[in-house]
Amino acid sequence: MNAQRRKELSAIITDLNAVNRAEATALEDKLSQLQERIENVMWDEEEAYDNLPDGLKNSAKGEAMAEAISSMQHAVSSIYSVIEEIGSCRAAGSLEEVIAD
């Protein structure tokens, strides 16, 4: 990694470390709320897909529904990972300590 990219990463770490615990907790809460909303939509879509006749599951509509469900599963998983990382950073006290491990 060149000096310019290291410098930019260092600046990002400094900015992230400036986030106080209240802001981190608020961010975790907001992400959890968004995750729950996505999960609710995903479950409704899964139920609708499961209730499709077999012939429609293989149609363009069924395939679009399956793709949407997959995208929502990925989003939920990604949000969960971000929440976990925020929690790790808060527990460690700073992003630099997490990176050092």
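These notebook entries record what I looked up in a predicted model of a protein.

**Entry 1: overall make-up.** I began with the secondary structure and found 5 helices and 0 strands in the protein. Read from the N terminus on, the elements follow the order α-α-α-α-α.

**Entry 2: burial and surface.** I then turned to accessibility. Of the 101 residues in the protein, 19% are buried.

**Entry 3: contacts along the sequence.** I took the contacts between residues at least 6 apart in sequence and noted that 67% of them join residues at least 24 apart.

**Entry 4: Glu 28.** I located Glu 28 in helix H2, which covers residues 21–50. Is Glu 28 buried or exposed? Its relative accessible area is 11%, and because this is under 20%, Glu 28 counts as buried. I next listed its contacts, setting aside neighbours within four places in sequence: Glu 28 touches Ile 83, Ile 86, Gly 87 and Arg 90.

**Entry 5: Leu 9 and its patch.** I placed Leu 9 in helix H1, residues 3–17. Its relative accessibility is 39%, so Leu 9 is classed as partly exposed, between the limits of 20% and 50%. With Ile 12 and Leu 16, Leu 9 forms a nonpolar patch on the surface, and together these residues have about 240 Å² of accessible area.

**Entry 6: rings.** How many aromatic pairs does a search of the whole structure find? I recorded 0. I did note a charge over a ring: the charged end of Lys 57 sits over the ring of Tyr 49, at 5.4 Å from its centre.

Technical notes:
Residues numbered from 1 in each chain as written. Predicted model: local features only at pLDDT ≥ 70, side-chain atom pairs only at ≥ 80, totals over all residues. Heavy atoms only, no water. Helix = DSSP H or I, 4+ residues; strand = E, 2+ residues; numbered from the N terminus. Buried < 20%, exposed > 50% of the residue type's maximum accessible area, 1.4 Å probe, protein only. Contact = heavy atoms within 4.5 Å. Patch = residues over 30% accessible without salt bridge, like charges linked within 9 Å, V, L, I, M, F, W, Y side chains within 5 Å. Areas by Shrake-Rupley, 256 points an atom, 1.4 Å probe, with all protein chains shown as cover. Salt bridge = Lys/Arg side-chain N within 4 Å of Asp/Glu carboxyl O. Phe/Tyr/Trp six-rings, centres within 6.5 Å; stacked < 30°, edge-to-face > 60°. Lys NZ or Arg CZ within 6 Å of the ring centre and 35° of its normal.
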